[in-house]
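I opened the model and kept notes as I went. The entries follow in the order I looked things up.

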Amino acid sequence: MGQLTFEDDCLIRELDSRYYGFLDLSNSKNAELRNLVQQTITNLQNYIANGQAHESKNISDNKNAIQKFEPSTQAGEHMENTSSQINDDTKPFEQDAKEKVPIIEEKPQDEHYVNALCKLGHLHLLLGEYSEALSAYQKYLRFRENNYWTNHAFMYGIGVAYFKLRCFKWAIKSFQELLYLSPNFTCANEVHLRLGLMLKHCGEFHIALKHLQLALLYTYPSTFSELQVKFQIAHLYEVQNKHKAAKDGYEFLLNEKNISLELKADVYRQLGWMYHCVECLGEKKEREANALNFLQKSIEADPKSGQSLYLLGRCYAGINKVHDAFLAYRNSVEKSEGNADTWCSIGVLYQQQNQPTDALQAYICAVQLDKDHKAAWTNLGILYESCGQLRDAYACYLNATKQISFQKSSLIRKKQAIRMKKDTIGLSKGLSQRITFLEGQLSQAPLPSITSKRRQLCSIEEAWNLPISLEMNSRQQQTAQMLPRQVTKQSPVQGPPPPYPHSQLSQSPIPSKRIKEDGTGQQEVTQNNSQTSAQNLINISESLNQRNFNAMPESNKSSEQSVLDTFDDISNDIYKQNESIKLERLSHDALSNNEDSRHDYIGGDNADLSTTFKIQMDSKQLMAAVKLLPIDEPPVHCTILQVNAPPPSPPDCPPQKLTRDQLLPPTPSVHLENKKNAFSPQLQEFCLKHPIAVVRGLAGALKLDLGLFSTKTLVEANPDHSVEVRTQVHQSPDENWDTSQGKRVWACISHRSHTTIAKYAQYQASSFQDSLKDESDKGFPGSQAMSDSDSKDSVSNSNIVLKRKKHKINSKMLRFGTNVDLSDEKKWKPQLTELQKLPAFARVISAANMLSHVGHVILGMNTVQLYMKVPGSRTPGHQENNNFCSININIGPGDCEWFAVPDAYWGGVHNLCEKNNISYLHGSWWPVLEDLYKENIPVYRFIQKPGDLVWVNAGCVHWVQSIGWCNNIAWNVGPLTARQYSLAIERYEWNKVQAFKSIVPMVHLSWNLARNIKVSDTKLFELIKMCLLQTLKNVLHIQEYVKSKGVEIRFNGRGKNEASHYCGQCEVEVFNVLFIKEQEKRHVVHCLSCALKLSPSLQGIVCLEEYRLSELQRVYDSFTLHRTQGLAYTQ
Ligand SMILES: [Zn+2]
């Protein structure tokens, strides 16, 4: 007992997270292996407990123990309760690790001891014991904070554990880092799929689609079928309200021959529900018929689906087939126990039938199953309010607004929290109104004396606590005939059966007079809302409920939930069918995958590589060193930052605590008197020194003709030119309200459409005319009142304007004309010529501007873009693409207000975005200033007047709102400084982690810089040289690898001004070695990793070379530090 045979030992060594999903240990066929795994877990636990108890002098004994897996005599007394170790979603695992640093020093830092923790995590994972796995992995992480990223099986394992425990934020982080480090990882397809599912769930649809499509590319063994992924893609379209694409996707699946019954049931269910909800799919009658038909087909395909039955009930209820609806709900309750949605809908149905007592019971069932069920609490509140029981109504509304119930286990809480944030859209506005109103009512009302009033319904406390009476039960059967005994038997998932109201109360007659008497208060309650009857409220509740279901981004939340769940269920079935085959195939793969298995036991072995490759090498030495690299594994597109860098992540904010004054720093600004000022080197120095700077009076000093960019001139020049339009809510500059929720938020609405310059000009002018009328009525000058001096004055001034404006926020919509492309020199010659009057550092094109060395157009970056604004037009928070600097000139006539956070604090802003469930890179966000101050993040705030130039330095986070009517022009520049270059490549790498396209091709740019400029700044030189080194090494390595596959590399060269290349699949920049594959009659460029996904042998893929190796070698070798005094470049 306890002693493993050599074979067993080898087998166990082989097992890690990569077998997850392929090896089904719950299958009786694998009983022997399961026993082995469980025994090993016991041994490991004993060993670890032993390790904790011993001092490090016993390390050698422990080594023996781990090698032989000998059971310890000190069984588990030091073991922690692993199941309670689930990390809170809000707490990063690194932070967790930091908090517990002291433990590390007490423990023997023995390699074997630490690896035992990781192995324990893997084995728990394979048994499906996710919290235990996570706990072990997190302990491992504490010892491996500084090199965990070299252990890819660990990163995969902890990602899966987080995924299964629905800590999506952390699962996403682990998986993204894993793909960044190892895009060819054995289970990369599994990672892409799970990332796709989670990002879809989190509303990051663009990136979700990318991952799902990447999951389809692979030829690796997988736990999912192609059709399942296609179903997820169709569902992704559905949740984005892309109905046509979703419908096409679903219908495509129905035509597939080998579609499984379960998937068929899912497809029918989604189609049915779409027909029920989506108006553009036809006439209502026809749609309802289709909906019923599809849902019935879904139930036929999978009779166990409580979900489809529930939706069928909703459809029947929608067309007033009450009996059928009840029947479907009842069946649904039988199939899927304890579905709060079903109970909520049953409640609605009863309420509509004027059966308040039964409705009460159903809602109570719903909220007992799911204490955070917002719709059920809201409906229950409405029910109480309609019966004049204001206190109960108030309590229910409060519960509806509570996001998280703290009695829940952290696990369930997480699940709920993720769901809750999605379904709050429709209900909240009405809710907060009701709550405020009831608060008013209740504060005026005398304390209710229990005896003085008879209540129609029992109170919420009573309803919650009282057991059901038989009488009630039978009466219910008589009246409704639809919810018989099964109800009481089936519904509870935990604890006692759902309590029903006491018979006495429920049987109390419902005197209509009584309602009116009690309802005096109620009439007041409702008249505000111009809803005077209970029935109205119910209707509203139903429509809210309905809307809630239809609302973005989850067209039906329960369905969404089940879509995520079914993936697991379905794929589990697949494991069971194929597990023996898969095990063999995978073990073969795993054995051949040296890189990963090596990392598992010898952490950080490639530390040696850093000494091998350094920028002092010449190209010959480099080539010789590359020849020594293994080519049995495909080379990975490596970081260009430095050798063996950890995966990039947002930095912590500077720790220094800022005073209130420091949190509101004055904006660096200069006033230009004349042309000489504008061209002085001090101006450039000043700009480069500060995170952001405003150069006042620039247009005047240079005699720039801003009129060339006025709306009038633009219309005359190119009336039909395209304008992108953002439709936004008009708000005060320092506030961002979600009017539906009645609170300040980060997410800011900005819908996109298109128009022409002429049409926008018309809108801009008429909006101005309208306001003149408004203003003359009110008699204040509005946005015109601005100071002309420094930023602090401007701030206080703008505040005055804000306060005046506040009363008319009422979600007035406005249209912002943005990203007007002025790159065409023929169309915009006078405008572009005028801008050549600017000093070199601010010019669109100049030798001192890195972006002029890209050699091709990057729209809006090395070309001019124009913005056409009405008051309130918002450019939401962002950093510039790849952290380049930007120039922005206000054309006028109105002003703009700017907010900016120094680049050192971007990690803090990023975290706040995450906290607010909004994507830092993709999302549209408007920071709540108080949130920033609380996090010790300073904010510059100033007014940009006509003729003022704003310099946004590298990495500065900023957001802008127009105060008046004005146009702006803007573009990016890249000063040739080490700071600019390093921030640009840092972002380039972080974008890779986030699967976000870098629109500045930094590798291509770096090689051009090496060709074109002489660098005398040591830091800048080293950074560029490092990029050249890393990319040349990668190019050589890829070529060796490709040749070893027997694939010929053909020289293709580059066309003049040819744009740099990006992978058509993953959007990473592809430099020099292009893998071309014809896809849908187009020749698509791929990176090596994506080419290998399509064709592991590279058969059918053409490999092209852009530069001769000799040319790259020459550039690399001749790029040296230029030792002169003075500037790094010549103009
Ligand atoms: Zn790719």
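In what order do the strands of the open sheet with mixed pairing run? I read β16-β21-β19-β20, 4 strands in total. I worked on a predicted model, where local features need pLDDT of at least 70, side-chain atom pairs count only at pLDDT 80 or more, and totals for chains, interfaces and linings use all residues. Residues are numbered from 1 along each chain as its sequence is written, and side-chain values use heavy atoms, with hydrogens and water left out.

Entry: I took strands as DSSP runs of E, at least two residues, and helices as runs of H or I, at least four, numbered from the N terminus. Two strands pair if DSSP finds at least two bridges between them. β16 (1049-1051) and β20 (1082-1086) are the edges, each pairing on one side only. Neighbouring strands are turned by 40° on average, direction ignored. Axes are lines fitted to C-alpha atoms, for helices over the stretch in contact; angles run from 0 to 180 degrees between N-to-C directions.

I then checked β19 (residues 1073-1079). It pairs with β20 in the antiparallel sense over 5 bridges. Q1079 stands opposite R1082 in β20. Helix α46 (residues 1018-1044) lies across β16, β19 and β21 (1102-1105), at about 55° to β19. Contact here means heavy atoms within 4.5 Å.

**Entry: the zinc ion.** Which atoms coordinate it? I found the SG atoms of C1063, C1066, C1087 and C1090, at 2.2 to 2.4 Å. Donors are N, O and S atoms within 2.8 Å of the metal (3.2 Å for Na, K and Ca); water is not among the atoms, so sites may look incomplete. The 4 donor atoms subtend angles of 103 to 114°, so the arrangement is tetrahedral (four donors, all angles between 85 and 135 degrees). Along the chain the spacing reads C-x2-C-x20-C-x2-C. C1063 sits in the loop between β17 (1061-1062) and β18 (1069-1070), and C1087 in the loop between β20 and α47 (1088-1094), so the pair ties together parts 24 residues apart in sequence. I noted C1063 and C1087 as buried (under 20% relative accessible area, 1.4 Å probe, protein chains only).

**Entry: the antiparallel sheet.** I looked up another open sheet of 4 strands, with the order β9-β14-β11-β12. Its edge strands are β9 (874-878) and β12 (940-944). Its neighbouring strands are turned by 15° on average, direction ignored. β11 (residues 896-901) pairs with β12 over 5 bridges, antiparallel. C896 stands opposite Q944 in β12.

Definitions and conventions:
Four donors count as tetrahedral if all angles lie between 85 and 135 degrees; four count as square planar and six as octahedral if opposite donors are over 155 degrees apart and all others between 65 and 115; anything else is irregular. Buried means under 20% relative accessible area, exposed over 50%, partly exposed in between (1.4 Å probe, protein chains only).
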